[in-house]
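Colleague: I am new to this structure and would like to go through its pockets and side-chain contacts with you. Could we begin once the model is on the screen?

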Amino acid sequence: MSGIVKKCFSWLQSQSDLTQTSVAAAATAAVLPGIPLLPPAALATLNLASLSVQLGTQVYESFVGGPTMLVNLPRVPFGDIRARLFPKMGMLYMFTGALALASYTVNHPVDTATYLLATSLIINLLNSFIIFPKVTQFMLELRQQKEGTMERKKAAKKFGITHGVSIMIILGSTLANISYLYIISSRIVGHW
């Protein structure tokens, strides 16, 4: 059995980020039908744990890990690490976002909290499948251009725009998650 698992992981590691993200999306979709079968306490735990993992990762990466790497690593290794890290974060955000939304909608009507979770999930899907790959592509194109050339300026502009969009999108997801937690907190404050 362990031989099959090793072969599967080896195969997965050899695949592109897009393929890995697609596999993660398929695995997430395969888990979702089982969520309505969970008892209420398990649904609440799954919801809060999923959102906590996502928000914790967003906050850590945005305010601790990312800035620390930025000031302590040369530009190229920093970019290389980020190019490998971001697709993995996208998969995590996609998985936890889908679990949070699915576990919430089992016992709640569509409301503001639902829209916040859906917004966060959609933002993370957009980042995972479109923005992150473009940022990496433009970063690699930028590296190929000689300093001071017009091609370098164009490549830097493309990279800067997509990187900025990615940052704003992650901020949007983070704000949606914080807003969702505020709504949930306001519902349980009387029991606290």
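Colleague: By class, how many nonpolar, polar and charged residues does the lining of the largest pocket have?

Modeller: Please keep in mind that this is a predicted model. The largest pocket holds about 870 Å³ of space, and 32 residues line it, with Phe-78, Arg-82, Phe-86, His-163 and Ile-167 the closest to its centre. Sorted by class, that lining has 19 nonpolar, eight polar and five charged residues.

Colleague: Which helix gives the most residues to the lining of the largest pocket?

Modeller: Helix H3 (40–72), H4, H5 and H6 each supply at least two residues of this lining. The one that gives the most, with nine residues, is H4.

Colleague: Where does the largest share of the lining of the second largest pocket come from?

Modeller: The second largest pocket has a volume of about 190 Å³, and among the 13 residues lining it, Ala-44, Asn-47, Tyr-104, His-108 and Ile-184 lie nearest its centre. At least two lining residues are supplied by each of H3, H4 and H6. The largest share, five residues, comes from H3.

Colleague: Which helices hold Phe-86 and Phe-132, and is Phe-132 buried or exposed?

Modeller: The two residues are 46 residues apart and link distant parts of the chain, with Phe-86 in helix H4 (residues 75–105) and Phe-132 in helix H5 (residues 112–144). The cut-off for buried is under 20% relative accessible area; Phe-86 has 14% and is buried. Phe-132, at 4% relative accessibility, likewise counts as buried.

Colleague: How many residues apart in sequence are the parts that the pair of Tyr-104 and Tyr-180 ties together?

Modeller: The rings of Tyr-104 and Tyr-180 have their centres 5.6 Å apart and their planes at 85°, so this pair is edge-to-face. Tyr-104 is buried, with a relative accessible area of 2%, and Tyr-180 is buried at 0%. Since Tyr-104 lies in helix H4 and Tyr-180 in helix H6 (residues 150–188), the parts tied together are 76 residues apart in sequence.

Colleague: Which helix holds Arg-143, the salt-bridge partner of Asp-80?

Modeller: In the salt bridge of Asp-80 with Arg-143, the closest N and O atoms are 2.6 Å apart. Asp-80 is partly exposed at 34% relative accessibility, and Arg-143 is partly exposed with a relative accessible area of 33%. The two residues are 63 apart in sequence, Asp-80 lying in helix H4 and Arg-143 in helix H5.

How values were computed
Residues are numbered from 1 along each chain as its sequence is written. This is a predicted model: local features need pLDDT of at least 70, side-chain atom pairs count only at pLDDT 80 or more; totals for chains, interfaces and linings use all residues. Side-chain values use heavy atoms; hydrogens and water are left out. Helices (H or I, at least four residues) and strands (E, at least two) are DSSP runs, numbered from the N terminus. Buried means under 20% relative accessible area, exposed over 50%, partly exposed in between (1.4 Å probe, protein chains only). Rings of Phe, Tyr and Trp (its six-membered ring) pair if their centres lie within 6.5 Å; planes under 30 degrees apart count as stacked, over 60 as edge-to-face and the rest as tilted. On a 1 Å grid over the protein atoms alone, a cavity is a set of points where a 1.4 Å probe fits but cannot get out, and a pocket is an open set with protein on both sides within 12 Å along at least five of seven lines; lining residues have an atom within 4 Å of a point. Grid points are joined across faces, edges and corners, and a volume is the space filled by probe spheres set on the points. Ala, Val, Leu, Ile, Met, Phe, Trp, Tyr, Cys and Pro count as nonpolar, Asp, Glu, Lys and Arg as charged, and the others, Gly among them, as polar. A salt bridge is a side-chain nitrogen of Lys or Arg within 4 Å of a carboxyl oxygen of Asp or Glu.
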